[in-house]
Amino acid sequence: MESILRKTAKELLEGKKVDVVVGYTQGSVPLTMSPVFITNPDDAERLVFNALCSQNLAKYVHDVISQNRAAQKRLKPEERKKKVVGVVARGCTTRSLVLNLQEKQYTRDEIFIIGVPCAGYVDQKKLSAAVGGTEILDGSLTGGKVTVKTPAGEKSLVLAELLADNCLVCAYNNPIISDITIGEPAKPMNSANEFKKVEDFAALPLEERWSYFAKEMEKCIRCCACRNICPSCYCPECFAEQSMPQWVGVGADATDTQVFQLMRLFHMAGRCVDCGSCVSVCPMGVDLRMFLKKLDKDALDLFDARTGINEKDLPAFSVFKEREKNEEFLFEP
Amino acid sequence: MKKRLLKKSGIAELVAKLAKRAGVFAPVDNEGNTLFQKVIDANSIAKQYVNSKDAPKGFFFPHSETLMRYKRTDKGMELEDDQVAQTKRILFGVRPCDARSFELLDLLFNQEKYSDTYFVSKRENTTVIVNACVEPISKNCFCTSLGLSPTGSAGADILMLDLGEEIFVEFITPKGEALLDCFGDMEPSATIDVQAVRERAATLVDASVPCREIKTTLDNIYEHPLWESIAQKCLACGTCTYLCPTCHCFDISDEVKGDDGARIRNWDSCMFPLFTKETSGHNPRSTQKARWRQRTMHKFKYFVDNFNEVLCVGCGRCVAYCPVNIDIREVVKSVAKI
């Protein structure tokens with residue numbers, strides 16, 4: 001599949017169909033892949049796609065297009081040139097692209113989607129736990145196995161057991177939209193129990209839920225990696241950085257971190273594609289997904305909305321459907 | 001230099017004795033993160049750790065620190081110094097790279113002309129007990145590239161070398177010697193060859209990163225396409241700088257509630273878009289490219305210009321935890337190739 005991916009990217013760049021291809025390449029740390037921007041057709045050889053590619057690349061698509069627009073702000077409209085971004089996109093990435101299109105962040109002709117089937121990606125925290133937290137010296141991925149070399153010796157792990165939680169219950173692991181699709185469609189994951197964890201959590205007493213939230217937020221160091229990788233978080237200026245008025249303090253007060261995360265989480269209502277990127281980039285292992293998934297469930301239950309699964313949909317909060325079950329909130333807030 | 005030999009089984013007693021002298025802080029496993037936390041007995045200390053996730057710089061230069069408080073009254077402003085009497089602390093099990101970072105931070109915070117009392121008082125009240133890396137296993141560390149040693153004593157008051165059954169202890173400073181009695185009275189015999197242990201450990205660390213050699217190149221590449229290429233995939237999160245033992249940029253802000261206010265110093269990060277943003281809204285480093293150049297230049301050029309030292313200890317945290325795998329070793333190597 002990788003050879004077709006590279007050939008496709010090369011042709012797209014040579015044919016000037018795209019200005020850049022955003023994809024994944026081999027990282028410098030064992031068992032790590034890293035985002036890459038290919039502009040030279042010969043560099044297309046560096047592209048890879050496997051179960052170690054974790055980030056949702058839609059974030060970079062938005063970055064490249066908005067930076068290109070900003071750079072041409074002072075030009076006359078007729079002199080401005082569009083930049084076409086090719087992107088290696090799995091199911092969740094295409095959902096983000098769809099959301100960004102729905103939210104009119106860019107137009108369909110500014111992106112070229114190289115769709116790839118996805119059987120889930122490795123959660124690095126599960127990988128680390130599987131080797132008892134020891135240092136990973138080297139590793140390889142073959143078939144359904146991950147071979148890891150640690151100071152204690154070599155260990156063979158089952159890939160399926162290392163997949164991220166969001167991947168295990170993913171119902172959209174094939175591209176929603178694409179301009180070209182590579183490889184055979186992936187087999188569906190087991191999405192039957194998608195909301196099981198959230199339902200169990202929601203059934204807990206209020207105090208327990210709050211103490212779990214507070215405990216998770218205590219880990220947060222406010223590096224904002226979660227926000228910055230998120231394709232739905234594209235505000236040019238985040239509320240967390242506004243100073244007039246200042247919405248959240250920057251000090252050590254635990255409530256500031258809680259407020260930051262709560263506000264960010266609620267901005268994700270009906271806008272989260274459950275790509276798991278915020279969780280995978282978090283250096284401290286904060287469980288953000290529990291809360292995001294609750295909002296995902298609410299969007300589905302209350303507004304019958306699933307983020308980014310249909311290009312023709314409107315964003316959940318910009319439509320009113322008769323079958324929405326919560327109209328009483330208008331009268332009894 | 002005074003030396004002691006400590007049986008491994010004696011660690012519990014040692015920690016108990018130390019805890020009677022001062023608050024002991026050591027790496028503790030906390031839900032998958034190894035963090036420096038207060039310990040009262042040796043059992044809670046992480047059994048095996050490459051290094052803590054958080055750099056212990058926070059003990060001297062906290063993430064957030066109140067510098068002063070003020071209150072508006074009928075008679076005018078009342079000011080209150082927030083410097084509480086510093087309690088004695090012992091950092092137990094610091095890695096040599098991190099201990100070295102304290103020396104680098106001293107250069108900045110404890111200068112003859114400008115001395116930061118908040119930092120200096122905490123430094124003076126803290127004893128640093130280093131746990132040398134006799135088996136440096138991480139692929140991400142590169143302390144030897146900085147001319148440091150995985151068993152080095154820079155920044156340490158006491159240095160511990162794990163020899164398997166026993167721990168070889170060296171008392172580097174008078175502050176360390178003050179704790180001599182906690183370590184028992186067994187003096188190591190002359191036959192113990194720690195030099196061999198040290199030499200072997202040093203060979204296990206990557207010494208190939210030209211961290212100290214790129215300064216002259218950096219002098220001439222303020223404008224270079226390299227910066228753009230590094231910054232492109234950067235998320236502009238603060239993981240690298242927040243986990244870094246040497247990054248020390250800060251931002252001071254006032255938090256006011258009614259008549260009460262506090263002046264707070266917080267960590268800043270050159271990776272944040274808000275970094276160096278001026279009141280007018282102008283930012284001289286308005287792009288991630290400019291901020292990445294700042295990060296590289298600060299570590300490998302500006303700090304060398306100012307203090308004749310490279311502002312990196314090769315701990316490898318930024319390498320291991322960057323969510324998009326921007327590898328400072330690769331950055332340094334790319335600069336060296338120019």
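**Notes on the interfaces**

1. Within chain B, 39 residues of domain 1 are in contact with 39 residues of domain 2, where contact means heavy atoms within 4.5 Å. The model is a predicted one, in which local features need pLDDT of at least 70 and side-chain atom pairs count only at pLDDT 80 or more, while totals for chains, interfaces and linings use all residues. Side-chain values use heavy atoms, with hydrogens and water left out; residues are numbered from 1 along each chain as its sequence is written, and chains are lettered from A and ligands numbered from 1 in the order in which they are written.

2. The two domains of chain B are domain 1 (2-203) and domain 2 (215-337), with bounds that come from an automatic or database domain assignment. Their centres, taken over C-alpha atoms, are separated by 25 Å. The area buried between domain 1 of chain B and domain 2 of chain B is about 3,400 Å², and carbon and sulfur atoms give 58% of this; buried area is the accessible area (1.4 Å probe) that two parts lose on being put together, summed over both.

3. Between these domains of chain B the rule finds six salt bridges, a salt bridge being a side-chain nitrogen of Lys or Arg within 4 Å of a carboxyl oxygen of Asp or Glu. Elsewhere in the listing for chain B, E309(B) forms a salt bridge with R100(B), and the closest N and O atoms of this pair are 2.8 Å apart. There are also 23 residue pairs in polar contact between domain 1 of chain B and domain 2 of chain B (both at pLDDT 80 or more). A polar contact is a pair of N or O atoms within 3.5 Å; within protein, one must be able to donate a hydrogen and the other to accept it, and residues adjacent in sequence count only if both atoms are side-chain atoms.

4. On the side of domain 1 of chain B that touches domain 2 of chain B, the elements that give two or more residues are β4 (64-73) and α2 (96-109) of chain B. Helices (H or I, at least four residues) and strands (E, at least two) are DSSP runs, numbered from the N terminus. By class, that side has 19 nonpolar, nine polar and 11 charged residues; here Ala, Val, Leu, Ile, Met, Phe, Trp, Tyr, Cys and Pro count as nonpolar, Asp, Glu, Lys and Arg as charged, and the others, Gly among them, as polar.

5. Turning to the boundary between the chains, 35 residues of chain A are in contact with 34 residues of chain B. The two chains bury about 2,800 Å² between them, with 55% of it on carbon and sulfur atoms. Of the area that chain A buries against chain B, S28(A), E135(A) and M284(A) supply 18%, which is more than any other three residues.

6. Which side chain of chain A meets E31(B) in a salt bridge? The partner is K215(A), at 3.2 Å from N to O. Across the interface of chain A and chain B the rule finds three salt bridges, together with 14 residue pairs in polar contact (both at pLDDT 80 or more). The elements that give two or more residues to the side of chain A that touches chain B are β2 (33-38), α2 (58-71), α7 (206-219) and α8 (225-229) of chain A, and by class this side has 16 nonpolar, 10 polar and nine charged residues.

7. Chain A is itself divided into domain 1 (2-123 + 163-330) and domain 2 (124-162), and their C-alpha centres lie 26 Å apart. The two domains of chain A bury about 1,200 Å² between them, 58% of it on carbon and sulfur atoms. In domain 1 of chain A, the residues that lose the most area to domain 2 of chain A are L31(A), D123(A) and L163(A), together 51% of what that side buries.

8. The count between domain 1 of chain A and domain 2 of chain A is one salt bridge, and the rule finds 11 residue pairs in polar contact across this interface (both at pLDDT 80 or more). The side of domain 1 of chain A that touches domain 2 of chain A has 11 nonpolar, four polar and two charged residues.
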